[in-house]
Every structure is written in C-alpha cells, then in structure tokens.
Amino acid sequence: MLRVEIEPAAAAGRFDVHVTLRHTDTGWDHYANRWEVLGPAGDVLATRVLYHPHVNEQPFTRSLDGVAIPAGLTWVRVRGHDLVHGYGGREVTLSVPGR
C-alpha cells in the first residue's frame, strides 16, 4: 500500500477512502483482490473488492465512497489482501478527519 486518503463524504458520519496500491499481480491466479478499512478493535468497517488483476496498471488507485465510520472512532487502519498470500504488505493507520 503506497498511499491512503480519507475525506468527509456528503452524508454525515460517512467518508470517502482512496487507496493507491502496488502489487506484483501476475494474472488471475495471483493478484491483489481487496482492501479493507478496519476499526481500532480490528472490526471490518468496509471492503473494496478488486475484481480483476492489474498486471499492466501499477501502481493503481481505487476508491470506496460513503464508508460509515462510527462516531466514537478517531482513527482507522487500511490493509490489503491478495489471492496467494492473504493479508500482507504495509498497513496504513490514519486519523478520521474532523474527529
């Protein structure tokens, strides 16, 4: 994971999350297939599924709009997942804007 940005969405208590990944996708058998937004206790707040390999598009950015983040949370963590290794790579922790 190279970069993560979070910004308030139009609806109160919701946020847009933008993630830039670099992964050595080799094809349909091995590619980054999702990233997740986690609360401090490790609960999954949202998942962005990546439906295909990005062999020739590296790094790449994908967004997830309108993520509901409970009012009491001041920070979240974002982690990536691939089909072969599962969770791995650099996780990013960031503050929730306005909290």
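1. The lining of the largest pocket comprises three nonpolar, seven polar and four charged residues. The structure is a predicted model, and the volume of this pocket is about 190 Å³. Among the 14 lining residues, those closest to the pocket centre are Arg-22, His-23, Gly-80, Gly-88 and Gly-89. Strand 3, strand 6 and strand 7 (86-95) are the elements that each give two or more residues to the lining. Strand 7 supplies the largest share, namely four residues.

2. As regards the overall architecture, the chain contains seven strands and zero helices. Its order along the sequence is accordingly written β-β-β-β-β-β-β. The radius of gyration is 14 Å, close to the 13 Å that the globule rule gives for 99 residues, so the chain is as compact as a globular protein of that length. Taken along the principal axes, the C-alpha atoms fill a box of roughly 40 × 25 × 20 Å.

3. Of the 99 residues, 43% count as buried. Among contacts in the chain with a separation of 6 or more, 54% are made by residues 24 or more positions apart.

4. How many salt bridges does the chain hold? The count comes to five. One of them joins the side chains of Glu-36 and Arg-79, with an N to O distance of 2.8 Å. Glu-36 belongs to strand 3 (residues 32-38) and Arg-79 to strand 6 (residues 75-82), so this pair ties together parts that are 43 residues apart in sequence. Both Glu-36 and Arg-79 are buried. Through salt bridges that share partners, Arg-34, Glu-36 and Arg-79 are joined into one network.

5. Arg-3 pairs with Glu-5, and their closest N and O atoms are 2.2 Å apart.

6. Most peptide bonds are trans. The bond from Gln-58 to Pro-59, however, is cis, with omega near -15 degrees. Pro-59 lies in the loop between strand 4 (44-49) and strand 5 (60-68).

7. Asn-33 is located in strand 3. Why does Asn-33 count as buried? Its relative accessibility is 12%, and buried means under 20%, so the residue falls in that class. Leaving aside residues up to four places away in sequence, Asn-33 touches Arg-48, Val-49, Leu-50, His-81, Asp-82 and Leu-83. The C-alpha atoms of Asn-33 and Arg-48 are separated by 8.6 Å, the two residues being 15 residues apart along the chain.

Terms used
Residues are numbered from 1 along each chain as its sequence is written. This is a predicted model: local features need pLDDT of at least 70, side-chain atom pairs count only at pLDDT 80 or more; totals for chains, interfaces and linings use all residues. Side-chain values use heavy atoms; hydrogens and water are left out. A salt bridge is a side-chain nitrogen of Lys or Arg within 4 Å of a carboxyl oxygen of Asp or Glu. Buried means under 20% relative accessible area, exposed over 50%, partly exposed in between (1.4 Å probe, protein chains only). On a 1 Å grid over the protein atoms alone, a cavity is a set of points where a 1.4 Å probe fits but cannot get out, and a pocket is an open set with protein on both sides within 12 Å along at least five of seven lines; lining residues have an atom within 4 Å of a point. Grid points are joined across faces, edges and corners, and a volume is the space filled by probe spheres set on the points. Ala, Val, Leu, Ile, Met, Phe, Trp, Tyr, Cys and Pro count as nonpolar, Asp, Glu, Lys and Arg as charged, and the others, Gly among them, as polar. The radius of gyration is taken over C-alpha atoms; the globule rule is 2.2 Å times the number of residues to the power 0.38. Contact means heavy atoms within 4.5 Å.
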